[in-house]
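Biologist: I am new to reading protein models. Could you walk me through some features, one at a time?

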Amino acid sequence: MGDIWLVGLMVLVHVWFPKVAAQNLIKTPRDQKTEHTLLINEVNADSLGEDTSEFVELYHTSGQTARLDGYHLVFYNGNGNQAYKVFNLQGKVTNSQGLFLVGSSSVNPAIVIPKNTIQNGPDAIAVYYGKGNYKEGMGVTNYGLVDALVHKTKKTDRADTLVRVLTPGRDAFLEDSTFRTTDESIERCRGADSQWIFQVAMTLTPGTDNHCILTPQPNASAVLISEVFPASSFEEFEFIELQGPRSTVLRDIVLVLIDGRTKDIYFTMDIYGKTSLDGLLLIGPAQGKTPVDLPFPENTTRPALRGGPNAIALYRGNSSSFVPGRVLPATSLLDAFVYTSDEEPNPELLETLTPGRPAYKEKRHQLGDVSMSQCNCCSVTRDSLSYVLSRPTPGKFNDCPSKRFSQTLSFCLRVADCQEWLLKSEEVLMALVQALGESCSCGVSAAYFKEPKASCQDLGLVFTTLLTAKSEDQLSSLLLAFETFLETPRLVSFGRRNITAESSCFKDINAPDLPPGVPSEIPEGTQEPSVHVAKLLINEVNPDNPGGAEDTEYIELFYTGRTRFDLQGYWLVLYNGKNSWAYRVLDLSGHHTDKLGYFLVGSSAVRPAPMIRLPPNTIQNGADAVALYYSNTTPYAVNMAVTAEGLVDAVVYTSRMPEKAHQLVKVLVPGQSILYENDSHSTEDESLSRCYSLTAKLQSSFQVTTVTPLGENFCSSSSALVPPAIRISELCLAGGTTHYRFVELEGKPGASLGGLSLVFFSGKEGKAHASVPLRGTVEATGLFVFALDGEHEHDGTNVTFKDISAASEGTSAIAVYSTSLIPGGTKATSENLVDALVYTCEPSTAGGHLDFLGPPYAVPCKDGRLFHVDPAPQEDAGKLGKGLAELPGGEVLLRRL
């Protein structure tokens, strides 16, 4: 074949694999950070009879054993809105799947509660994390809140206060006792858009994974083939499991078995009986190890299910209509499944039973018994792509891959006729499945892949899909299998065509140099998807429009390479400042910027049209935040707490001055101030635009401007990418009668000092002791001298030496900021900092409040002695000697060397 790889090698898949460090089996909360969290997974608050099987199941999103130190589980009474039961989970540990059970003794929980403990509603259950004082009798609070469920059993029940505090915007969940005649629960599942939802569960699953079958599906009128377990000998237990409506009598249905080589019918039986509460009906030998609902006829030759190629079909009618040797009818077919080991089945049989679908490959890749299970129940029929190899689960729900353990994969096909290939996504998926199955022998099938997407980009077709698994370990194993294909581009064969497959469809264009002072490294805490990752930034935010429509809101991203940029692995998260939770999460995988590097998310009325459209009034006005993340592992989801895990850039803003968002600022832009979108800036719409720098997570990079979606920001003439290049050249202070008390600044001759402030900080608390707004320009000598003797005024402000902390009082600092007057008592910050000088007469290795401003310079501590500081290179900071000289009159000078 030379360099031509067949379809089997088509899985040159672009997966960004995070570096995995060695981990202990159990993670501590300190290790967990906010990478994973603890969620309410299933609740049975109202069980039948005396409530002896009630429980709350928690799930740690790591999907593995995890300590629960720091978590509290709180139960609230809707009558009075007070906690009636509180469990401190300190010292508790989840099971190996991340599950933790609190409930009646009958469900074998980790924490046993008396019967009738969990109230039926309208009530609430909440999970908290942190050092809050959570105790019985306390009022409802959202302080430290991680997750919550407000529930009720009657439609007329109200729990307004619980909803307002714990789940704002979501009504109390109704656990409808009429859903089924036996017990039911409330389970958490991934919805169609991959967001967490609650729904009424068909079957209670305390301590195990939720089944998460969407409630409308089991009500389908069709009966489907759910699971098939062929036997290799008479002694083995073989079975066929059907699935249909719950607790329903089946009649006029025929089970037909067909030889896959000859197309001959060799077995038929009439199906009758009643499905279980879960809609299942088990067919098998009467004397098997597992009781069956409908046994094979007594004269059945065992094993009834032959090795492949073989076929199973369900028809409407009765067995008398199906005579061995006759041609299979094409009408009245309900469902069919064709499977094989190696030999291909008769093509006419495939076309009759499962048109357009291949036979399922029954290769036993796992140790022990393995069955073939339908995992796209219950709307897909006659489709082998819906089956997976799994452990046998006769009479129970199938063991299927879950979105709980998933990761997005993508790769590129270099095709010129991309638009035609948009219709061939199924063919691409089959090639992917075939290649992985042949390479890793891991039993993967098409049912492991969800949400396939195809799009055209620069060089061809980008195919993206969500890989799911049954466990964290299996997901890791499958990802490792893909990793073996991360090599150079390869030719693959599709029929008679050879097509190049590679990791990306974007042109390899070198990005221009960044402006001076702009970092090119990846922000701390992010994984590196490519050499360009640090250059994707939040460029413009317009959260608040004039009038009440709020239909021209938008968020603009910008790639500084000024070319198309792949957004695979990036997430845009919108946070509510009131509770610091995510209220909107957008997965940007599968999208890319325009040819100039811009990407727009916004309302439908925005022009030009956004790449991702949001409903009107989606982006909240503030105090809120927009954050950009990169990760293929961290599960960003609605209602998650704010996190810095994977953070690339962020903007925290408000449109109302009194409002704050302290937690958002602390996590996303620590040490900085919230941005104010001043609506008085213009009579028309305005936005927060990046104008002053291309540095990520820097609030001072933004100013209020007119709106410019998908265009260059309209920054005012006073804006500059960087503040004036001003440095503190000398500082001279004394407690005696000398007249040498001044600050000398150095800069470009003629440079304006407008907009700068000179600030003095006390080291005791790191707060501003005095502040002076500067004006004027730098002299022709490149120097500007500011006197501190009280005899001169500058801009109407008089600062004297007695206002300045003496060196004998410990560490102090003087700093220049590119902002207006800073009030006294303000803590030192790196935001808007131009230059700083820290000095001390008590050098210490211990950290201080002002250390982040720069290294401290050592000066004498003698009272009344003048000291004169000329900042030395950083490597000489803290040294009293080299560069420090005593001048006539007793002053000490530290010179730059």
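Biologist: Which residues form a disulfide, and how far apart are their sulfur atoms?

Modeller: First, keep in mind that this model is predicted. To find a disulfide, look for two cysteine sulfur atoms within 2.5 Å. Here C375 and C400 form one, with their sulfur atoms 2.0 Å apart. The count comes to one disulfide.

Biologist: Where do C375 and C400 lie in the chain?

Modeller: C375 is in the loop between β22 (371–374) and β23 (387–390). C400 is in the loop between β23 and β24. The two are 25 residues apart, so the pair links distant parts of the chain.

Biologist: What is the handedness of the link between C375 and C400?

Modeller: Read the angle about the S-S bond. It is -90°, and the link is left-handed.

Biologist: Is C375 buried or exposed?

Modeller: Buried means under 20%. C375 has 13%, so it is buried. C400 has 23%, so it counts as partly exposed.

Biologist: Next, strands. Which way do the side chains of β42 point?

Modeller: In a regular strand, side chains alternate between the two faces of the sheet. Now look at β42, residues 757–762. S757, V759 and F761 point one way. L758, F760 and S762 point the other way. Six of the six residues of β42 are buried.

Biologist: Which strands pair with β42?

Modeller: Look for bridges on either strand. β42 pairs with β43 (residues 767–773) in the antiparallel sense, over six bridges. There, S757 has P773 as its bridge partner. β42 also pairs with β45 (residues 812–817), again antiparallel and over six bridges.

Biologist: How do I read a whole sheet? What is the order of the strands in the sheet that holds β19?

Modeller: List the strands as they sit side by side. That open sheet has five strands, in the order β16-β15-β19-β20-β21, with mixed pairing. Its edge strands are β16 (265–274) and β21 (360–361), each pairing on one side only. β20 (residues 333–340) and β21 run parallel, joined by two bridges. T340 stands opposite K361 in β21.

Biologist: How many strands form the sheet that holds β38?

Modeller: Six strands, in the order β34-β33-β30-β29-β38-β39. This sheet is open too, and its pairing is mixed. The edge strands are β34 (612–614) and β39 (702–706). On average, neighbouring strands are turned by 25° against each other, direction ignored. β38 (residues 686–690) pairs with β39 in the antiparallel sense over five bridges. E686 stands opposite T706 in β39.

Biologist: Let us zoom in on one residue of β38. What does the side chain of R690 make contact with?

Modeller: Start with the place, then the partners. R690 lies in strand β38. R690 has a relative accessible area of 5%, so it is buried. Its side chain makes a polar contact with the side chain of D649 at 2.8 Å. The side chain of R690 also reaches the backbone oxygen of T695 at 3.0 Å. Residues that R690 touches include L537, I538, F702 and C715.

Biologist: Now the nonpolar cores. Which residues have the most contacts inside the largest one?

Modeller: The largest core has 36 residues. Those with the most contacts inside it are L413, W421, L436, F449, L467 and L478. The elements that give two or more residues include β24 (402–414), α5 (425–440) and α6 (472–483). The largest share, six residues, comes from α5. A second, separate core has 29 residues, among them L557, L574, Y653 and V704.

Biologist: Last, the backbone. Where are cis peptide bonds found?

Modeller: Check omega. A cis peptide bond joins R302 and P303, with omega about -5°. P303 lies in the loop between β18 (294–295) and β19 (310–316). Another cis bond joins R607 and P608, with omega about 0°. P608 is in the loop between β33 (598–603) and β34.

Biologist: What is the phi of N116, and what of K697?

Modeller: N116 is not a glycine, yet its phi is positive, about 60°. N116 sits in the loop between β7 (111–112) and β8 (123–129). K697 has a positive phi near 55° and is also a residue other than glycine. K697 lies in the loop between β38 and β39.

Technical notes:
Residues numbered from 1 in each chain as written. Predicted model: local features only at pLDDT ≥ 70, side-chain atom pairs only at ≥ 80, totals over all residues. Heavy atoms only, no water. Buried < 20%, exposed > 50% of the residue type's maximum accessible area, 1.4 Å probe, protein only. Helix = DSSP H or I, 4+ residues; strand = E, 2+ residues; numbered from the N terminus. Pairing = 2+ DSSP bridges. Core = buried A, V, L, I, M, F, W, Y, C linked by side-chain atoms within 4.5 Å. Axes fitted to C-alpha atoms, helices over the stretch in contact; angles between N-to-C directions. Polar contact = N/O pair within 3.5 Å; in protein donor to acceptor, adjacent residues only side chain to side chain. Contact = heavy atoms within 4.5 Å. Lists of a residue's contacts leave out its neighbours within four places in sequence.
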